[in-house]
Amino acid sequence: MSSEMAIDQVNPRELSADSFTTSDIARIELGSKIHATASDLGRYVRMLSEDLAVAGDYVREAASVRRSMESLVYQAVLTERARGTSWHTIGEALGISAADAESRWGDAEARWRRTTRAQSIYRKDPGRWAARVDRYITTDTPHQLNTDERRPLSASLDAASHLTGRDIAAADHAFVGTACTHCSRTEPCDTGNASPRQLQCRGEGVVTR
C-alpha cells in the first residue's frame, strides 16, 4: 500500500487528541477559519442576487467580511509561527518589519500556545474539526456559483428587468428607504440586525418586506 493511500484512509476522529502536534492544531484552526470566511463571502455575494438589501447593507456586510479577513490573517500568523516561521519572513510577507510583526502578534501567539483543552474546542477534539475541514475541502464550495445554468445576480439586475418582470422602481424605492408606513418616522427605520428581507420598525417591531 502506498503512503498516499494510507494518508487517504486516515480517519482523524480515530486519532488520539494527544497525537496532534501544535502545528496540527494551528492548521486545523486555520482551515476552519478559511471555511468560515469563505461562507461569509458566499453569503455576501448571494445577497446581491436577492435584490432585497436596504440602504447600508452592502457596506455593513463588507465591514463584517473585513473583520473576518483580519481574523484570518491573525490565524495565519499563528499557524506560521507554530510551523517555525520567523517573524522576519512573516513581516516580509505582510510588508512590515519583523519587529512590527512581533509587536502586533507576539503576545497573541504566547497566549494561544498557553491555551488548554478546556479553553479551546480545537484542542479538545481536534479530530472532529479536522474532519470538518476535510469535508469542506472536498465537498463544500460556498464561494463558487455555477454560471452555466444559474445566473442569480444577472436575473436581478435592472438590465434584465424586461425579461424577469422585476419592478425596478419598487426595488430602488425599497433600497433607498422611505418613511416607514408602520410608524410616524420620516426617515428610514434602523435595520439593526434584521435580515435583508426585514425592516426594523421602531414603532411596531420588524416588518417583512
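Here is a short chat about this predicted model.

Reader: Hi! What is the chain built from, in helices and strands?
Author: Hello! The chain has 9 helices and 2 strands. Starting at the N terminus, the order is α-α-α-α-α-α-α-α-α-β-β.

Reader: Nice. And how many of its residues count as buried?
Author: Of the 209 residues, 30% count as buried.

Reader: Let's look at helix 4 and helix 5. At what angle do they pack?
Author: Helix 4 (residues 87-94) and helix 5 (residues 98-114) pack at about 110 degrees, and their axes are 8 Å apart. That angle makes helix 4 roughly perpendicular to helix 5, because angles of 65 to 115 degrees are counted that way.

Reader: Is the crossing left-handed or right-handed?
Author: The crossing of helix 4 and helix 5 is right-handed.

Reader: Which residues make the contact?
Author: Helix 4 brings Trp87, His88, Ile90, Gly91 and Leu94, while helix 5 brings Ala98, Ala101, Glu102, Trp105, Gly106 and Glu109. Sorted by class, there are 6 nonpolar, 3 polar and 2 charged residues in this contact.

Reader: New topic: serine 68. Where is it found?
Author: Serine 68 is in helix 3, which covers residues 57-82.

Reader: Buried or exposed?
Author: Serine 68 is buried: its relative accessible area is 14%, and buried means under 20%.

Reader: Which residues does serine 68 touch?
Author: Leaving out residues up to four places away in sequence, serine 68 touches Lys33, Thr37 and Asp40.

Reader: And what joins the side chains of serine 68 and aspartate 40?
Author: A polar contact of 2.8 Å joins those two side chains.

Note on methods. Residues numbered from 1 in each chain as written. Predicted model: local features only at pLDDT ≥ 70, side-chain atom pairs only at ≥ 80, totals over all residues. Heavy atoms only, no water. Axes fitted to C-alpha atoms, helices over the stretch in contact; angles between N-to-C directions. Helix = DSSP H or I, 4+ residues; strand = E, 2+ residues; numbered from the N terminus. Parallel < 35°, antiparallel > 145°, perpendicular 65-115°, else oblique. Left-handed = near helix turned anticlockwise from the far one by under 90°. Contact = heavy atoms within 4.5 Å. Nonpolar A, V, L, I, M, F, W, Y, C, P; charged D, E, K, R; others polar. Buried < 20%, exposed > 50% of the residue type's maximum accessible area, 1.4 Å probe, protein only. Polar contact = N/O pair within 3.5 Å; in protein donor to acceptor, adjacent residues only side chain to side chain.
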